[in-house]
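Subject: Structure for you to look through

Dear colleague,

I am handing over the structure we spoke about, and below it I have set out what was found. Please keep it open beside you while you read.

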Amino acid sequence: MKPACTLLSLTLLSSPFVVSAQENIEKTFTFGIVSNKAQSKIKKSTPFTQYVTNGLAEYGYTKGAVKVFKNYRQLAVALKNGTVQIATATPFNAMTLEAESGSQAIAIRWKKGLQKYHTVFFTHKESGIESISDLRGKTLVFEKRTSTSSYYLPAITLLNQGEKLEYLPSSDDKPAKDSIGYLFLDEHLAQSNEINLSVWVYKQRVAAGAFSNFNWSNPKDLPESMKDKLTIFARSVEIPRDLILASPTLSQDQQHKITSILLGIEASQQGALALKQFQNTKKITALTPEMSASLNTVRTSIHLLPKVD
C-alpha cells in the first residue's frame, strides 16, 4: 500500500530567539498541500516553509516539514488534530477545509502572480445568447469537475441566480427547456484544456463555455482568430486565487505571528526568492473586505453544487 502522504523534514538554521522553558521541546512546523506530485511540491515549497519556521523559534519550532496529501479529507484531519499548522488551498477547497477541520483562512496567496480572478461565460456571437437566462434549454461546457473557474464558480453563479442545472453524460443529450445543461470536457476528450473548450464554443458544438478571465485574455487558451467570433455575456464574482489556512490548534498569538511573517515575506530577498520558487507566488496579502465577502458567497453556496456520479 502506498503511503497516504509524503513527508520531508528539514533542519533549520539556528535562530536568535530565546525559547521559553515551557516551550523548550523541539517541535516541527508542518505545511500541508494536496497534490499527486509529491516530490515536486516538496522541492518547490520547502524554502517557503523554512522561511516561515525560522521566525517561529520563540514557540519551540526548530524544524520545518512539507507534507503532501492525496486529498483534502486527509488534510482536514491533519489540520484539525494539529499535525499540520498551515496549509494552502483554492477558495472552494479552503472553505471545505474550514468546515471539516475548523481551520481559518488567514491570508491570500498570489499564486502564479495573481491575487484574484473570476469566471467569464462566453458564447458565439451568432448564438443569440445575451444573458444567463438565455442558456435555458441549451448546453454549457465546463473543463472538469475539479476546476474552480471552469466548474465550481460558474455553477454556483448560476444556482445563486435560481437556475436549474442538468448534467448531460453525452454531448448529444439535450436538457429540459427550463434547465441549463452542462457537461465536462475531460469526459469527452483525451486532452482537456482551455483551448479545446474554446474550440467547442467557437464551432458551436455547445451553446457556451466558462473559464477564467485570464484564460479569456491568454492567446494560448483563446487565439485572437477565434476570439473575434466570441463574446462574454456574464461574469461571476471575483475570488482570491489561493488561500493560506491556519490550524485551529494554534493559539491566537501564534496565528498572529504566522500571519505577520507571511504578510512581510516578500520584503526580504530570501523571502521573495522562496515565494517565487513556490509556484511563482508574487506575494501574500491580507484578506480585504471585498475578498472576505466573496469567500462568504463561496462558503454559503458549496452545498448547492450538484452531485455528479
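Which residues have the most contacts inside the largest nonpolar core, and how many residues does that core have? Please keep in mind that this is a predicted model. The core has 46 residues, and Leu-75, Leu-140 and Phe-233 are those with the most contacts inside it. Its largest share, seven residues, is supplied by helix α4, which covers residues 148-160. There is also a second, separate core of 26 residues, and among its members are Val-52, Ile-261, Phe-278 and Ile-284. As background, nonpolar side chains in soluble globular proteins tend to be buried together.

Another residue to look up is Leu-245, which belongs to strand β14, residues 243-246. Its relative accessible area is 0%, and because buried means under 20%, Leu-245 counts as buried. With residues up to four places away in sequence again left out, the residues that Leu-245 touches include Gln-85, Ile-86, Ala-87, Leu-97 and Ala-105. The C-alpha atom of Leu-245 is also separated by 5.6 Å from that of Ile-106, although these two residues are 139 residues apart along the chain.

The protein has 10 helices and 15 strands, and buried residues make up 50% of its 309 residues. Its C-alpha atoms fill a box of roughly 70 × 45 × 35 Å along the principal axes. For a chain of 309 residues, a compact globule would have a radius of gyration near 19 Å, and the 22 Å found for the protein agrees with this.

Which way do the buried residues of helix α5 point? Helix α5 runs over residues 194-202, and its buried residues are Glu-194, Leu-197, Ser-198, Trp-200 and Val-201. Seen down the axis of α5, these buried residues fall within an arc of 160°, so they line one face of the helix. The background here is that an α-helix has 3.6 residues a turn, so residues three or four places apart point the same way. Just after α5, Gln-204 takes a positive phi of about 60°.

Finally, there are the aromatic rings, for which a search of the whole structure finds 17 pairs. In one of them, Phe-29 and Tyr-61 have ring centres 5.5 Å apart and planes at 85°, so this pair is edge-to-face. Phe-29 lies in strand β2 (residues 27-34) and Tyr-61 in strand β3 (residues 61-69), so the pair ties together parts that are 32 residues apart in sequence. Phe-29 is buried, at 0% relative accessibility, and Tyr-61 is buried as well, with a relative accessible area of 8%. Elsewhere, ring pairs link Phe-92, Phe-142, Tyr-151, Tyr-152, Tyr-167, Tyr-182 and Phe-184 into a cluster.

Two rings also have a charged group over them: the charged end of Arg-109 sits over the ring of Phe-278, 4.1 Å from its centre, while that of Lys-283 sits over the ring of Trp-110, 5.0 Å from its centre. Phe-278, as noted above, is included in the second core.

With best wishes

Notes: Residues numbered from 1 in each chain as written. Predicted model: local features only at pLDDT ≥ 70, side-chain atom pairs only at ≥ 80, totals over all residues. Heavy atoms only, no water. Core = buried A, V, L, I, M, F, W, Y, C linked by side-chain atoms within 4.5 Å. Buried < 20%, exposed > 50% of the residue type's maximum accessible area, 1.4 Å probe, protein only. Helix = DSSP H or I, 4+ residues; strand = E, 2+ residues; numbered from the N terminus. Arc of directions from axis to C-beta. Contact = heavy atoms within 4.5 Å. Phe/Tyr/Trp six-rings, centres within 6.5 Å; stacked < 30°, edge-to-face > 60°. Lys NZ or Arg CZ within 6 Å of the ring centre and 35° of its normal. Rg over C-alpha atoms; globule rule 2.2 N^0.38 Å.
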